[in-house]
Structures are given as structure tokens and as C-alpha cells.
Amino acid sequence: MSISLRTLPSLNALRAFEVSGRHLNFRAASEELGVTQGAVAQQVRLLEDHLGLALFHRMPRGLALTGQGKAYLADVSRAFALLSAATDQLQHRADAVTISVTPTFATRMLIPQLSALQAALPSVELRTVATTSISDFDRDQVDLAVREARPPFPSALEARFLFPQKLVLVASPHLPGVPSSETAPDQIADLPLLHDGYDYWSRYFGTHGKVPGPVFNQTSLALDAALAGQGIAIACRAFIQEDLDGGRLLNLGDAGFDADTGFYLVRKRSSSSGSAVDAVWSWCIERYGSEQADP
């Protein structure tokens, strides 16, 4: 017996119903889907019209599934899980995990630990996307992301704090005229000062004017310049801890202020996360967050 696809509801309507059924709230569903609350409600209404029955009871503060809606949600959820598994198998992604990270996190923290990740999770193929742009988990096909952010996060996202931005001044011991220990602003004012995308030097000196020095669009580039003896940089201590321990950089003291953001591991809330994604999620928390205090 053949089933005409014309008798099936639209995929958008089914997706709106599945997400609304999980959250029992159109607003929360709209945040996960990235559309307006009205669009979600309209898609659900179109689905109910197509089926000729009510799937939800509209309550003053949310939704409640009807008996038929509850049974239909279970079947629709299984169907979406099957589609996801089939797509992963087709793309040979069963053990592939895509993580989106900032360029500095990629070069300073993730790449040096890739061999450790491979040893811990030998069956996982990690795909890294280095960007400062905010990732759309569905559109960009990203499983996990590490971002500099501050809470709260959208309800559709699960976030775990990794480490704070503790800012320190650093320079190569080979930089001419560099102090050998913690220093004051007047001791470094005449030395080359390396800038990244943040205006930390103006804040350090307490000035609203431009502080001269080479400017880089990424913190990782400013740190490379510092390692090459080109000047002094202000950076998150977590990014340069190994260089401090190895004597490649000197700690010239705290910046005297901290950024009001921290680094978080983020993923989309979903009941269908694969075991490989869960494994990399847990590994990142253990590797980068276990010894850091929550802010």
C-alpha cells in the first residue's frame, strides 16, 4: 500500500509541534526554532486544521497536550530521531563532532590538547570551526561551541561555565627593557604595547585617548607578537598559562580589572544528542573547567 505525500502535514508544522510539545510553551519553542512566537502558534494551528483535531489545550501560562496530542508527539519525536540518525549515517557523521570556537581558544587551548582528546576518545572525529561569529547550531551544523559570553543564555541552549577572564600583562623575557617582575603603569608606558580587538590598554592607563601601539584583530596574533619579543600584551591568563610555566612569557602583573565575561561551553538543548557529542562535551568540561572556580 502506498501513502501519498500529499496527505502528510508540512515538515515545518510538524517541527513546530514537536518543539512546542517538548517545551509546552510557544515562546520557548520560538527561541529554539529562531522564529517568532506567532509563527510557531500559526504552524501548530495549521497542523491541527490539517488533522482535524486539537493537539494542545491552550492554558493561561502555557500548553497542555490533549490525549491525541500526547500520542502523536511520541510518534513524531521518533520520526525526527530516525531522520536525524539516517542523515548522520548518510554523511558518515556517527562519530564526528563539530565544535565552533574562537580563534584564540583554538590556537591556545584546543589545538595543544588534540592528542589528549584523540587518546581519550579515539573513535571521535573532531571538526573545528574557528570563528568569532555566533553559531546557529542548525544552520551551521555545529554540535558544540565555546564562546566568550555572560549569562543568561536562551532557554534553548545548555551552557557550562569553563573559566573566567583573569587579565594579566605578559611579555617575552627577551623584550628589551622589560621589567623582570610585576610592574606599574609608569614603568611600561614607553615600551611597545600590543593591542587586540579589546581596548584594554586605555582601561589600564585610565585614559579615554588612544594608546599607541601595533593593533591586531585577534588576541592570538597579539600573543604571537609578545612571544616574538615585539611588546607587551594584556590577555586572559588561561590562554598563556603554559607559556608562563615554560618561561616563554613573563607575568608582569594583573591588569587591575577583569573582563565582565567568561568562557562557556554551549550546545543546543535536545534529547537526541549523540554519544560522541556527549563524550566531547564531558571531555571539554573536565579538561578546561574542572580546576576553575565559577565566577
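Predicted model: local features only at pLDDT ≥ 70, side-chain atom pairs only at ≥ 80, totals over all residues.

Colleague: Noted. What is the make-up of the protein in helices and strands?

Modeller: The protein has 11 helices and 10 strands.

Colleague: And what makes you say that the protein is more spread out than a compact globule?

Modeller: The globule rule gives 19 Å for 295 residues, while the radius of gyration is 25 Å. That is well over the rule, so the protein is more spread out than a compact globule. Along the principal axes, the C-alpha atoms fill a box of roughly 85 × 45 × 30 Å. As for cover, 42% of the 295 residues count as buried.

Colleague: Which share of the contacts with a separation of 6 or more comes from residues 24 or more positions apart?

Modeller: Such residues account for 70% of those contacts.

Colleague: Let us turn to single residues. Why is Thr36 called exposed?

Modeller: Exposed means over 50% relative accessible area. Thr36 has 52% relative accessibility, so Thr36 counts as exposed. Thr36 sits in the loop between α2 (26-33) and α3 (37-51). From its C-alpha atom to that of Tyr204, 168 residues apart along the chain, the separation is 42 Å.

Colleague: Why is Thr219 called buried?

Modeller: The cut-off for buried is under 20%. The relative accessible area of Thr219 is 12%, so the label is buried. Thr219 belongs to helix α9 (residues 219-227). Leaving aside residues up to four places away in sequence, Thr219 touches Thr104, Asp196, Tyr198 and Ala235.

Colleague: And what makes Leu24 partly exposed?

Modeller: Leu24 has a relative accessible area of 34%, so Leu24 is partly exposed. Leu24 lies in the loop between α1 (11-23) and α2. Its phi is near 55 degrees, a positive value in a residue other than glycine.

Colleague: On to the helices. How do you know that the length of α3 agrees with its number of residues?

Modeller: At 1.5 Å a residue, the 15 residues of α3 should span 21 Å, and the end C-alpha atoms are 21 Å apart, so the two agree.

Colleague: Which residues of α3 are buried?

Modeller: Val40, Val44, Leu47 and Glu48 are buried in α3. They cover an arc of only 100 degrees around the axis, which puts them on the same side of α3. Just after α3, Gly52 takes a positive phi of about 75 degrees.

Colleague: How does the span of helix α11 (residues 275-289) compare with what 1.5 Å a residue gives?

Modeller: The 15 residues of α11 should span 21 Å, and the end C-alpha atoms are 20 Å apart, so α11 agrees too. Buried residues in α11 include Trp281, Trp283, Cys284 and Tyr288.

Colleague: What makes you call strand β10 (residues 262-268) mostly covered?

Modeller: Seven of its seven residues are buried. Gly262, Tyr264, Val266 and Lys268 lie on one side and Phe263, Leu265 and Arg267 on the other, and both faces are covered.

Colleague: Which strands pair with β10?

Modeller: Strand β5 (residues 144-149) runs antiparallel to β10, joined by five bridges; there Ala149 stands opposite Gly262. Strand β6 (residues 157-164) also pairs with β10 in the antiparallel sense, over seven bridges, and Arg160 has Leu265 as its bridge partner.

Colleague: What is the peptide bond from Pro151 to Pro152 called, cis or trans?

Modeller: That bond is cis, with omega near 5 degrees. Pro152 is in the loop between β5 and β6.

Colleague: Last one: what makes strand β7 (residues 167-171) mostly covered?

Modeller: Five of its five residues are buried. Leu167, Leu169 and Ala171 point one way and Val168 and Val170 the other way. β7 pairs with strand β8 (residues 233-236) in the antiparallel sense over four bridges, and with strand β9 (residues 250-254), also antiparallel, through four bridges.

Methods: Residues numbered from 1 in each chain as written. Heavy atoms only, no water. Buried < 20%, exposed > 50% of the residue type's maximum accessible area, 1.4 Å probe, protein only. Helix = DSSP H or I, 4+ residues; strand = E, 2+ residues; numbered from the N terminus. Pairing = 2+ DSSP bridges. Expected span 1.5 Å × (residues − 1). Arc of directions from axis to C-beta. Rg over C-alpha atoms; globule rule 2.2 N^0.38 Å. Contact = heavy atoms within 4.5 Å.
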